[in-house]
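Here is a short report on one protein model. It starts with a set of side-chain contacts, then turns to a surface patch and the chain as a whole.

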Amino acid sequence: QTEFLPAPDGKRLHELKRRMDYVTGSGNVARTYFTEENGRLFQLPLTWYSEHGWDFSPGYRVSNARFDRVMPDRCIACHSSYPKALPFAEGKYVEVRPGIGCERCHGPGALHVKERTAGVKADSAYDNTIVNTARLPLARRMDVCEQCHVHTAVSVLREGKDEFSYLPSQPLRDQWAFFKQAGSIDIVSHADRLRQSACFLATRTMARPLECATCHDPHEPP
């Protein structure tokens, strides 16, 4: 993406270019782009929207950061699979892993891979080398989805936690403190919308209660 300042005669008095190194978004709604510089990702000012094409990235009309908006850890935590962060440096990474991998919902997989590749037979009743999300209680299953699909006016990390320390099977409220105005629902809080629905409330005590995975298979494209 290029920023330039034209002179009255049409020549460019100033020009600044940044390469689009990473893209975030499926494209169903939008794709936003990032450039990498010295281990940090910076959001570029133009986003592609499926309905009307190129336009300012969210928030740029109000406060145009040009090429200086650093992508924070909280964004990376939901749009990437556990990057290798540089200690004590917000938004700086040794490695950024593209996309969402298995470990985001199933926890660390090194032991699971080690035993399967070594030919160790798994117990047919229960595989204790990795988290099987389907076996978790309803509240913990919802937490796995809500690690990214809940958003409130204020979210505060608990003491000793960082954006990448949550692991599936743990209570999400031990990781984050969420604060919102009573009765409000943020547009990103899909799970919060579900929790307030009559169908969810009516089926909580049933053998197969309504939950995110009732309609959304995490292993298939939407």
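In this predicted model, the side chain of Asp127 makes a polar contact with the side chain of Arg116, at 3.0 Å. The side chain of His112 is also a polar partner of the Asp127 side chain, at 3.3 Å. The two pairs are listed here.

| Side-chain pair | Distance |
|---|---|
| Asp127 – Arg116 | 3.0 Å |
| Asp127 – His112 | 3.3 Å |

Where does Asp127 lie? Asp127 sits in the loop that links helix H3 (110-117) to helix H4 (138-149). Setting aside neighbours within four places in sequence, Asp127 is in contact with His112, Arg116 and Ala122.

Next, the surface patch. Met20, Leu46, Trp48 and Trp54 make up a nonpolar patch on the surface. Trp54 belongs to strand E6, which covers residues 53-56. Is Trp54 buried, exposed or partly exposed? Trp54 counts as partly exposed because its relative accessibility is 44%, and that class runs between the 20% limit for buried and the 50% limit for exposed.

Now the whole chain. The protein chain has seven helices and eleven strands. Its C-alpha trace spans about 75 × 50 × 35 Å along the principal axes. Of its 222 residues, 31% count as buried. The chain exposes about 14,700 Å², and carbon and sulfur atoms supply 57% of that area. Among contacts with a separation of 6 or more, 38% join residues 24 or more positions apart.

Definitions and conventions. Residues are numbered from 1 along each chain as its sequence is written. This is a predicted model: local features need pLDDT of at least 70, side-chain atom pairs count only at pLDDT 80 or more; totals for chains, interfaces and linings use all residues. Side-chain values use heavy atoms; hydrogens and water are left out. Patches are made of residues with over 30% relative accessible area and no salt bridge: like charges are joined within 9 Å, nonpolar side chains (Val, Leu, Ile, Met, Phe, Trp, Tyr) within 5 Å. Accessible areas come from the Shrake-Rupley method with a 1.4 Å probe; for residues, only the protein chains shown count as cover. A salt bridge is a side-chain nitrogen of Lys or Arg within 4 Å of a carboxyl oxygen of Asp or Glu. Helices (H or I, at least four residues) and strands (E, at least two) are DSSP runs, numbered from the N terminus. Buried means under 20% relative accessible area, exposed over 50%, partly exposed in between (1.4 Å probe, protein chains only). A polar contact is a pair of N or O atoms within 3.5 Å; within protein, one must be able to donate a hydrogen and the other to accept it, and residues adjacent in sequence count only if both atoms are side-chain atoms. Contact means heavy atoms within 4.5 Å.
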